[in-house]
Amino acid sequence: MASGSGRGRGRGSGSNNSGGKTQDYYGTIQPDLFVRQPGEPKVGSSGRAQRCFANFIPIEMEKADYSIYQFHVEFHPQVDSKHMRETMLLHENVTDEIGRFHVFDGMILYLTEEWQQNQEIEVPHPLTGDLIRVIFKQTNRFLLDNAQTINIFNTIIRRCFDELKLTQLGRHYFNSKDARNVREYNMSILPGFETAIRMYEDQLMLCVENRFKMVRRDSMYDLLKKEMQACQGNRQRVQEKMNEMFGGSTIITLYNNKLHRFTRLDWSISPLSEFEKDGQPITLKRYFKMQYDKDIQFDEQPIIISEGKPKQPGEPPQVNYIVPEICFPTGLTDEMRKDFRMMKEIAQHTRMSPQQRLNETRKLVHEFHGNENVQACLNYWGIRLSEDLANVNARVLKPEPLHADGAKKYEGRNAEWARGVKEAGIYRGSDMQNWIVVGPNTGNSGMLIQKFIGEAGRLAQTLRVQLGDPMCVPIRGVSPNEYLEGVKSAVKEVAGADVHMLVVMLVDDNKTRYDSLKKYLCVECPIPNQCINLRTLAGKASDGGENKNFGSIVLKIFLQMICKTGGALWKVNIPLTETMIVGYDLYHDSTLKGKTVGACVSTTTGDYTKFYSQTRPHENPTQLGNNLTHFVRKALKKYYDENNNTLPSRLILYRDGAGDGQIPYIKNTEVKLVRDACDMVTERAAKLSGKVHKSVKLAFIIVTKRVNMRILKQGASPATAINPDPGTVVDTVVTRPERMDFYLVPQFVNQGTVTPVSYNIIFDDTELGPDKHQQLAFKLCHLYYNWQGTVRVPAPCQYAHKLAFLTAQSLHGDSDEKLRDKLFFL
């Protein structure tokens, strides 16, 4: 039975960026993803035009109306290997009936022409020659406007990669012939592609993103043998070490190119262990020979247990048994990440410039068009790929001037302004008359501390900060407890006095020491504090013990201290009145499994340089929604108190930490909760003040940093590409028709290719319009005070991220209310 009749039209059809061109495939978009109203404009006008490429290949359909037929495929007896099942469907007994360009995903077969309802064909097994009955049952028929069509088209592209002889690992395809070697770690880096077809503004397009997979050449058995030697044959110790090193990592089985999650090593099972298959006992060794033609050489080896997700909720997880001898680790271990030389070598292969991305993607397009089998496959399905990447008319917003001391203004260069801060001064100073320095006072440490205090004094005069002489408190030893006791005794010594800043000089980056100090100074005894690693201040032996960058390092630390004591380093001109801006982000708690910390940072003043912060843990989406209600109510109360008992007329909320799958929940639940929280506060304020308060208008915006989209600015000719300028906005061609969305590149990068950030406005009754939203987002990227340049996301989001990280990693509880109107978490 057909899943739909006629060519459906979705919301928003006929009113898009193409000036009224009708959309043919709106039905391919899930209905609950639509957030854009019909006819609603989404294109801004500010800035200068800029021609760019995007990593998308436009798709045209040769047939206007055709159906796709779906069949369920069964094998008797059962064949476990997907590769074997695919090979059997390419046997002439099958291809004589349906051709060789059908699409088969291991269980489901798709064809463009109708076939008799139920078919049965006998095919010899590729290894054993035994005849296998293959049964085909028609289960569905799709028209081109069905959401399932996109999944089928994506499978067709995977089929094209198979024709190009690329290897599928997980969801992506890699070119093992073009592997790059990192000799020191006996590792190969495989270049490849991640692809996805979706409906974009005017047509279907294929997004192509470069990917790399690190695969070690040493098998898990080779690594196991090394550990056996290191642990002198102690199996228990080997098991603990292997589980610690590889637990949760990804391993690859090259016999079927599958990726698995390493759960644990099990010595109670070996290749000679038996299990039941088709009612008969069989050893793992025999099973791998029969299914994959793999000979297991060593019988005395443990088995790797890989637990996957349950097939159905409530069921136990799926378990795979993997022989170490025939599987290999992928990715990087912690030891490798600490090896600077190795990471530099890997970056040479994986960090691609815009020009390299353009060349590689064009090369892939050329291979698609030049391969006869790929073209035959696409012709069978009526698909035509464009000859080149999509062209995008982007816009570059004007650089933002930064307001400093008095009437002074300055502009950054390439969205970075470290020099400007020191020369122009800061926007709002702070009071650090009473401050304490705790740290070791012997040898080089004592000398560095005195040098730091002297440099801080000079900076205070330059930057309009009230800085007194510090009280220096020496500590007896450097253990976490001795540091904590030193801080406590310093606080006791000034009992009752108002301490503006407490600086702790750390001998190294020991996490236990740092966490205990932060917990004490942020939760138990709230004092604005700054932890400084003395190694950061110390010079290298090769420089004669002098740190050439001492002045700039102390400047960055001192600027942090200013922010933590209520100062503001600069401001940008945001011509919105009576507006509160909120950033929200999440981070998983390192001590509580399943618990996530939500953090909210909101503005409290009209110049958008003062912030109020809150955190709360949650375990599920329902709690997350309740947290948002709590955050918004408290943020509005703080704004009300700080602004002469007045509520904002607008609330603009940037929600970070959300994937596409969460959009329906956020749209249907979280937006309503925030709206209700605003109405509740408005009603309460009216009762308290006896005057009418206007309802708060809301814009709810999802910010996504992890996107596969790349914007490449066209160079001197169409053959060249460079990184786009900071402030580049894209809101046409590669945006989504169901969304009020745009992409923004706020930063300048020297290496690799910059990643744009996606903004999806899922609710908006503020009447600001797309142009003002784009400008506001760029302005807010300038207001993060921990970096003298723009950041990837609006500053309240970045502050929320830093706060959630500190709470989840170190505090494991709410910070004290006294600190929440300061940026204590920087």
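A salt bridge is a side-chain nitrogen of Lys or Arg within 4 Å of a carboxyl oxygen of Asp or Glu. The structure is a predicted model, in which local features need pLDDT of at least 70 and side-chain atom pairs count only at pLDDT 80 or more, while totals for chains, interfaces and linings use all residues. Residues are numbered from 1 along each chain as its sequence is written, and side-chain values use heavy atoms, with hydrogens and water left out.

**View 1. Domain 3 (435-565) and domain 4 (577-816) belong to the domain assignment of the chain.** The bounds come from an automatic or database domain assignment, and the C-alpha centres of domain 3 and domain 4 lie 32 Å apart. In contact, meaning heavy atoms within 4.5 Å, are 12 residues of domain 3 and 11 residues of domain 4. The area buried between domain 3 and domain 4 is about 990 Å², with 55% given by carbon and sulfur atoms; buried area is the accessible area (1.4 Å probe) that two parts lose on being put together, summed over both. Lys519, Cys522 and Val523 supply 34% of the area that domain 3 buries against domain 4, more than any other three residues. Across this interface of domain 3 and domain 4, the rule finds 0 salt bridges.

**View 2. Helix 14 (511-524) and helix 16 (550-564) are the elements that give two or more residues to the side of domain 3 that touches domain 4.** Helices (H or I, at least four residues) and strands (E, at least two) are DSSP runs, numbered from the N terminus. Helix 14 gives the most to this side of domain 3, with 7 residues.

**View 3. The side chains of Arg100 and Glu163 meet in a salt bridge (3.4 Å, N to O).** Arg100 lies in the loop between helix 2 (92-98) and strand 4 (103-104), whereas Glu163 lies in helix 3 (residues 148-163), so the pair ties together parts that are 63 residues apart in sequence. Side chains of opposite charge can pair when their charged atoms come close. The structure as a whole holds 48 salt bridges.

**View 4. A cis peptide bond joins His76 and Pro77.** Omega is about -5 degrees for this bond, and Pro77 is found in the loop between strand 3 (68-76) and helix 1 (82-89).

**View 5. Asn257 has a positive phi, near 50 degrees, in a residue other than glycine.** Asn257 is found in the loop between strand 13 (250-253) and strand 14 (258-261).
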